[in-house]
Amino acid sequence: MRAAVIVFPGSNCDRDMAVALRAAGADVSMVWHKDPDLPESVDLVAVPGGFSFGDYLRCGAIAAQSPICKAIVAHAARGGYVLGVCNGFQVLTESGLLPGALMRNAALKFVCKTLDLKVETSSSAFTEGYNAGDLVAFPVAHHDGNYTADPDTLARLEADERIAFRYTQNPNGSVADIAGVLSDNRRVLGMMPHPERAVDTGHGGTDGQALFRGLIGQLANA
Amino acid sequence: MKARVHVMLKNGVLDPQGEAVRHALGNLGFDGVSGVRQGKVIELDLADGTSEDTITDMCEKLLANTVIESYRVELL
């Protein structure tokens with residue numbers, strides 16, 4: 001199973017993401033944002049957290065226009081898997097791969113703590129290692145994680161069970177407590193919390209392991 | 001030529017920063033401020049003859065996120 005971790009100027013969770021993917025058995029390459037192409041036969045693209053391009057204009061907006069993002073959009077259009085975490089989620093909404101937008105936290109404060117999330121669906125390669133209703137503890141660390149979408153989009157996300165995770169205690173004002181959403185084909189996941197920071201006992205919790213192991217197990221069998 | 005693009009959160013989208021500014025104005029004793037909305041202004045230096053359609057395209061593709069923001073183009 002081959003994974004690519006995208007590196008933008010200002011990414012700061014790229015190496016954590018690579019460590020988490022490798023620990024789960026993936027063959028990982030790091031890909032600079034100016035590369036126009038992904039490495040051959042990549043199964044999964046991971047867009048990591050951080051502050052790409054200093055969050056200029058809007059979080060993720062400049063990164064979404066970088067050369068590699070065209071390759072990521074093409075990869076997703078071919079049915080490839082994409083995981084965006086934190087700033088990576090913002091990049092995926094800005095690039096149009098996921099619906100909605102992430103605004104400034106409602107309380108205007110940067111939130112940095114470990115929160116319980118409810119797994120809303122096990123029906124995706126990302127969440128099949130959990131049961132719907134499971135509570136998992138993932139760290140969050142963001143200033144702009146306030147998910148919003150228009151009422152029609154929200155109704156569609158709910159009806160199609162595309163909300164992957166919800167906060168049990170909403171830290172940022174996200175509509176319907178949404179912490180992570182899936183694409184129409186369930187192969188693109190964007191989430192604000194950091195599963196890659198919960199894969200080692202040294203992190204204080206290992207609830208993220210099931211996400212990476214499930215994902216890599218499923219892609220290895222594919 | 002120059003153009004000025006005004007980007008604002010759409011009506012109905014809660015603007016927490018504007019709300020914080022409204023509270024701060026109240027704390028300073030400015031009564032009667034019932035709402036504040038905060039946006040951004042982007043000034044563009046453009047080649048002469050750039051069409052308004054091109055500027056609109058810039059807004060749609062990058063300068064505004066039309067999921068949450070509206071924009072207005074002012075030619076200077």
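This note goes through the two chains of a predicted model, their folds and the interface between them.

1. Because the model is predicted, local features need pLDDT of at least 70 and side-chain atom pairs count only at pLDDT 80 or more, while totals for chains, interfaces and linings use all residues. Residues are numbered from 1 along each chain as its sequence is written, chains are lettered from A and ligands numbered from 1 in the order in which they are written, and side-chain values use heavy atoms, with hydrogens and water left out.

2. Chain A has five helices and 11 strands, where helices (H or I, at least four residues) and strands (E, at least two) are DSSP runs numbered from the N terminus. Its radius of gyration is 15 Å, close to the 17 Å that the globule rule gives for 222 residues, so chain A is as compact as a globular protein of that length; the radius is taken over C-alpha atoms, and the rule is 2.2 Å times the number of residues to the power 0.38. The C-alpha atoms of chain A fill a box of roughly 40 × 35 × 35 Å along the principal axes.

3. Within chain A, strand E6 (residues 111-119) runs antiparallel to strand E7 (residues 135-142), to which eight bridges join it, and two strands are taken to pair if DSSP finds at least two bridges between them. A:Cys112 has A:Ala141 as its bridge partner in E7(A). E6(A) is also joined by three bridges to strand E9 (residues 163-167), again antiparallel, and there A:Lys118 has A:Arg166 as its partner.

4. Chain B has two helices and three strands, which follow one another from the N terminus as β-α-β-α-β. Its radius of gyration is 16 Å, whereas a compact globule of 76 residues would have one near 11 Å, and its C-alpha atoms fill a box of roughly 50 × 25 × 15 Å along the principal axes.

5. At the interface, 16 residues of chain B are in contact (heavy atoms within 4.5 Å) with 13 residues of chain A. The two chains bury about 1100 Å² between them, 68% of it on carbon and sulfur atoms, buried area being the accessible area (1.4 Å probe) that two parts lose on being put together, summed over both.

6. The rule finds one salt bridge across this interface, a term for a side-chain nitrogen of Lys or Arg within 4 Å of a carboxyl oxygen of Asp or Glu. B:Glu69 forms a salt bridge with A:Arg58, with the closest N and O atoms 3.7 Å apart. On the side of chain B that touches chain A, helix H1 (16-27), strand E2 (40-45) and helix H2 (52-63) of chain B each supply at least two residues.
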